[in-house]
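Q: I would like to learn how to read a ligand site and the fold around it. Where do we begin?

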Amino acid sequence: MGLTHQPCLIQADEVVVGKLRLSWQLLKEIAERLEDVFVLGRKAERLCWFDDSFYRLVLPKWGHAPTVEIDGIRMHRTVEVMPEEDAMQKISLIPSLRNATVLDVCTGLGYTAIAALKRGASKIISVEKDPNVLKMAAYNPWSRDLFDKRVKIVLRDALDFLPSCRTLFDAVVHDPPTFKIAGDLYSLDFYRELYRVLNRGGVLVHYVGQPGVKRGVKFYKGVMERLRMAGFRTDYVSFALCVRAVKV
Ligand SMILES: C[S@@+](CC[C@H](N)C(=O)[O-])C[C@H]1O[C@@H](n2cnc3c(N)ncnc32)[C@H](O)[C@@H]1O
């Protein structure tokens, strides 16, 4: 996955990697599926499965973090920026995270939570509703720090969790799927909950993407309007495709 390197022994009929012996035929089959990730054991298994939806770990570019696809939809940016860079961009929009308590709405593979840890956050509550995504994160070496003791993962729908949450946060990262898939996570009611759980002066970073951009739609404008109605002061950060909102 580009994080560690291991010497291997190349032989005429197979390649030996640690205790694994991989035939050239198997390696050829793996090499033909450029973006797929394989778990090597007694067999080589493609890291994907079906459970109501189809989940697949996808490596867009060698040496960078993979993304997870749910029914063919990628959960991270993989064209202009790679997933781990995208997470860092989002977190860089928060002025300071030293010793901060952070709410990470939509854990995914944990890249935003991990980026927040790197910037000095001391406690993170990360909310994810889909156990399959967390199972994928457990396989993914790029997600390892998500299982750090400073991160508490809550396996729950954020729409249920937020109204019952009594913790106050210094920052919130809200990284939902598209509006088409998860419209409620873009609603005024939900934004009011995000406002409620933030400390005064706290910053919300909300990834909005750019749905409808080819038709001239400025999707972020509606998001900003609803966030203002919830009480936030807002600005749009185009390079990160995020709205930043401050509880004044
Ligand atoms: C764009 S991904 C998040 C990426 C993540 N921030 C990261 O850095 O890897 C969106 C995630 O939100 C989850 N999700 C969708 N609806 C949700 C909800 N109502 N509550 C909590 N998680 C939700 C999806 O299962 C998916 O894993």
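A: Begin with the polar contact, a pair of N or O atoms within 3.5 Å; within protein, one must be able to donate a hydrogen and the other to accept it, and residues adjacent in sequence count only if both atoms are side-chain atoms. Here, a backbone N or O atom of leucine 109 is 2.9 Å from an oxygen atom of the ligand. A polar backbone atom of tyrosine 111 lies 3.1 Å from an oxygen atom of the ligand. Aspartate 175 uses its side chain: a polar atom there is 2.8 Å from a nitrogen atom of the ligand. The protein covers 95% of the 610 Å² of accessible area that the ligand has on its own, with areas from the Shrake-Rupley method and a 1.4 Å probe; for residues, only the protein chains shown count as cover.

Q: What kind of model is this, and how are residues numbered?

A: The model is predicted: local features need pLDDT of at least 70, side-chain atom pairs count only at pLDDT 80 or more, and totals for chains, interfaces and linings use all residues. Residues are numbered from 1 along each chain as its sequence is written, and side-chain values use heavy atoms, with hydrogens and water left out.

Q: How many residues surround the ligand, and which are the closest?

A: A residue is near a molecule or strand if one of its heavy atoms lies within 4 Å of it. The ligand is surrounded by 20 residues, the closest being His76, Glu128, Asp157, Ala158 and Asp175. By class, the shell has 9 nonpolar, 5 polar and 6 charged residues. In this count Ala, Val, Leu, Ile, Met, Phe, Trp, Tyr, Cys and Pro are nonpolar, Asp, Glu, Lys and Arg are charged, and the others, Gly among them, are polar.

Q: How do I read strand pairing?

A: Helices (H or I, at least four residues) and strands (E, at least two) are DSSP runs, numbered from the N terminus. Two strands pair if DSSP finds at least two bridges between them. In this structure 4 strands form an open antiparallel sheet in the order 6-7-8-9. Strand 6 (48-51) and strand 9 (73-74) are at the edges with a single partner strand each, so one side of each has no neighbour in the sheet. Strand 8 (residues 67-70) and strand 9 run antiparallel, joined by 2 bridges; isoleucine 70 stands opposite isoleucine 73 in strand 9. By contrast, strand 10 (residues 101-105) and strand 11 run parallel, with 5 bridges.

Q: Is threonine 67 buried or exposed?

A: Buried means under 20% relative accessible area, exposed over 50%, and partly exposed in between (1.4 Å probe, protein chains only). Threonine 67, in strand 8, is buried at 0%. The side chain of threonine 67 makes a polar contact of 2.8 Å with the side chain of histidine 76 and reaches the backbone nitrogen of methionine 75 at 3.4 Å. Serine 187, at 23% relative accessibility, is partly exposed.

Q: Which residues touch the most other members of the largest nonpolar core?

A: In soluble globular proteins, nonpolar side chains tend to be buried together. A nonpolar core is a set of buried Ala, Val, Leu, Ile, Met, Phe, Trp, Tyr and Cys residues joined through side-chain atoms within 4.5 Å. The largest one has 41 residues, of which Ile91, Ile94, Leu97, Val102, Leu109, Ile124 and Met136 touch the most other members. Helix 3 gives the most to this core, with 6 residues.
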